[in-house]
Amino acid sequence: MAKAKITAPSPKRRPPRRRRRGLGLWAFFFSSVLLLALIGALGLGLYGVQLDKVVREKFEGQRWALPARVFARPLELYVGRPITQDALIGELERLKYRRSAGLERAGSFQAEGDRVLIRTRPFRFWDGSEPEQRVEIRIADGVVTDMRSGANGRDLALVRLDPALIASIYPTHNEDRVLLQRKQLPPLLIKTLLAVEDRSFYKHQGIDPRGIIRAAYENLMAGRTVQGASTLTQQLVKNFYLTQEQTLERKAKEAYMAVLLDQRYSKDEILTTYANEVYLGQDGSRAIHGFGLASRFYFDRDIDELTVPQIALLVGILKGPGEYNPRRNPEQATARRNLVIDVMAFHQIITADQAEAAKNSPLGIKDGGAKPSGVYPAFVQLVRRQLQRDYREADLRSEGLRIFTTLDPLIQSQTEAAIDERMPQLDKQRGYAPGTLETAAVVTSVAQGEVLAIVGGRDTEYAGFNRALDAVRSIGSAIKPVIYLTALAQPERFSLVSPIADKPISLRAGGELWTPKNYDHRVHGTVPLYKALAKSYNLATVNLGLQVGVGEVAKTLRKLGAVRPVSEVPAMLLGSASLPPIELAQVYQTIAAGGFRAPLRAIREVLDASGQPLNRYPLAVEPVVSSDAAYLTQWAMRQVVEQGTATWLKQRLPDGMTVAGKTGTTNDMRDSWFAGFSADRVLVVWVGRDDNKPMGLSGSSGALRVWGDIMAEIGSEPLSDAFPDTIEIASACGSSNIPFSRGHTGGSAACGGGGGGGGRSRSEPAANDNDEPKLAQGSPANTPDPQPPRRERNERPQNSPFMSDFYGN
């Protein structure tokens, strides 16, 4: 029986699956979005890396282009220093020291009877740092008599006060700021700032989402922008990194960078940078940034001295420095300040009583705080010219240099005060409208060649034309000491009593006949050399100058420090040479220093931003003329004051104040000069008109009066009556104690009208042996000049024109 064939059942066919086209489209859409999101996230991340680099580079690098700071000389106090109590207090007040019975803070003082108690400020000088300390200083009869530590009572040898900041050289974009550390920000300022600008500062991560939502709602309801949502971090980003344009792109970038900044740095670092960067006003072309500078600019106070209403005003100004400018818009500024005070009271930063008192306070704005050009613009011009020789302009504007100068604020203020008092009298004396006559003055030290004070015109705050540096005027008879010095440098031919012919002379010059005359239109016959200078006889001077040679006189003038070319013509002997006051001061400084030329300098030291010394400006001295001749010329110039054209000084200066100098008057009385010196100060004064018209003032009736007023105030040392060992004295022309160089061998004396008498030779007995200094045994007749101080390695060569210090030549 056949078996039945069994076959497996065929599988049941399923109907074909229909593709869900809708699901495929959604999957494609979502995958595309995801891909785009990933690409966007990657791009945003890469952009974030780039922004993070920008944030770090500026925040961790040089955040600001700091201006170079220019300081005056520090006041040094020691027992025996001449200074009155009023002068010391004036210096402290110029340094912004505050009167305080308890000396609660550095930068305070208290005067009690004959003593002054001071709590000094710490300061880093070029040669080290001075710590804060309490000192007690006693002054009697214009001299420091005792100086002790206020902490332990021990005697102090020297106290050096911090120097006054006299100017700043600003960055190219004219921003300025006084940098503060976190610990220097007053707690009251921080609390007020956060209450008004960013209450969640220490909680958010750079941006405040809740604040954004709140501000958006308020602005939507008002239909306009009535509230902002920027955190302090965002404000810092906008000011520090971005522009002020109002676009969504800029706002998004700001928020992103704010988050990155908050992640990278601490809240205190961000807050401190904000406090130093924030814009708080405009002073001409200079932008005022940071609370430190704003405090000085508006209130002339340091930030830690501000009161409740003053802090409220600064925080209030943040909203709109132009709209709430307290100088231009005091009413709006007051209203904004009072609103901030209400916020302070609401958040219990201050009490209700404090708030009420603060709202009733005046704004208290002070003029003159943090002046951009400094309070001594004429001196600062001199400093800048010297700096421009050694530094690029970009370095001066961005490196944060600390420049220590030679300016003495006390002498500067005394010089300015004397000019302010005398010049109106001269205007009135000549019947001129007030301000017609102009003036310039330069004060230097004798030994160091340091420029101590400069006045460039009657308006001492004017930063324009500086007559002390740039008014090149004929110097008239002020050149005469150079002529007599040239003669006295030839002791074999001339002495102080050599006969000089004061007689008429006519010379052919340039096709014209030159016939000089004496000021009094008289002829005085034969006169001693010293008397010709003392009386400023023109005819005697011309005859002497022709004997020694016009070229030799010009050579001496250049040796003494004049660098401008002069025409070597006979008229030069009566002052046709033209120099600015600063250059004439150099000439007289060399004579006053005994023939040693110390190129005038306005800068002592320059430090970089880290306190390291850069170029040094050491004292550089070189002998250029005979010291004997210089001394004899000084003696003759003393006779100008004793018996010549400057006798008025004897009644103006204090008793015992012995000085030397020379008047100068030019043709038609267009220029009035007096240049002279004491033992430690050289002072040159010019008076004239800017239009060069005759003014009717001679050297003795114009500049001499200003000179005497200044010298009477600045506290100088009198010239010594002692003779150098290389000089001997004798009687001649009816006078005793006439000095002679030991090398003098000729030149008989003439005692007026051709009178006789002669300088004695070394073999002759002294007229008064008791008065004659003893000479060193075995010394040669012409002892070499003593050697100047040795130059330091980095000192500039001596053969370079010294005026490059001022003009960058």
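Analyst: Start with burial. Phe-404 has 0% relative accessibility, so Phe-404 counts as buried. Buried means under 20% relative accessible area, exposed over 50%, and partly exposed in between, with a 1.4 Å probe and protein chains only. Phe-123 is buried too, with a relative accessible area of 14%. Note that this is a predicted model: local features need pLDDT of at least 70, side-chain atom pairs count only at pLDDT 80 or more, and totals for chains, interfaces and linings use all residues. Residues are numbered from 1 along each chain as its sequence is written, and side-chain values use heavy atoms, with hydrogens and water left out.

User: How many aromatic pairs does the search find in the whole structure?

Analyst: First the rule. Rings of Phe, Tyr and Trp (its six-membered ring) pair if their centres lie within 6.5 Å; planes under 30 degrees apart count as stacked, over 60 as edge-to-face and the rest as tilted. The whole structure holds 14 aromatic pairs. Take Phe-123 and Phe-404: their ring centres are 6.2 Å apart and their planes at 90°, so this pair is edge-to-face. The pair links distant parts of the chain, 281 residues apart. Phe-123 is in strand S6 (residues 123-125), and Phe-404 is in strand S15 (residues 402-405). Strands (E, at least two residues) and helices (H or I, at least four) are DSSP runs, numbered from the N terminus.

User: What is the arrangement of the rings of Phe-240 and Tyr-241?

Analyst: Their centres are 5.1 Å apart and their planes at 85°, so the pair is edge-to-face. Phe-240 and Tyr-241 are buried.

User: Which residues form one aromatic cluster?

Analyst: Phe-71, Phe-123, Phe-125, Trp-126 and Phe-404. Arg-160 lies over the face of Trp-126, 5.7 Å from the ring centre. The criterion: NZ of Lys or CZ of Arg within 6 Å of the ring centre and within 35 degrees of the ring normal. Elsewhere, the charged end of Arg-689 sits over the ring of Tyr-432, at 5.4 Å from its centre.

User: Is Ser-445 buried or exposed?

Analyst: Ser-445 is at 4% relative accessibility, so it counts as buried. Its place is in strand S16 (residues 438-445). Now read its polar contacts: pairs of N or O atoms within 3.5 Å; within protein, one must be able to donate a hydrogen and the other to accept it, and residues adjacent in sequence count only if both atoms are side-chain atoms. The Ser-445 side chain makes one with the side chain of Gln-448, at 3.5 Å. The Ser-445 side chain also reaches the backbone nitrogen of Gly-449, at 3.3 Å. Leaving out residues up to four places away in sequence, Ser-445 touches Glu-450, Leu-452, Gln-589 and Asp-680. Contact means heavy atoms within 4.5 Å.

User: In what sense do strands S25 and S26 pair?

Analyst: Two strands pair if DSSP finds at least two bridges between them. S25 (residues 603-607) and S26 (residues 613-616) pair in the antiparallel sense, over two bridges. Leu-607 has Pro-613 in S26 as its bridge partner. Five residues lie between the strands of this hairpin, where Gly-611 takes a positive phi near 90°.

User: What is the average pLDDT of the protein?

Analyst: pLDDT is the predictor's confidence in each residue, from 0 to 100. The average is 84, and 82% of the residues score at least 70. Over residues 753-803 the pLDDT is below 50; this stretch has 88 contacts in the model beyond near neighbours in sequence.
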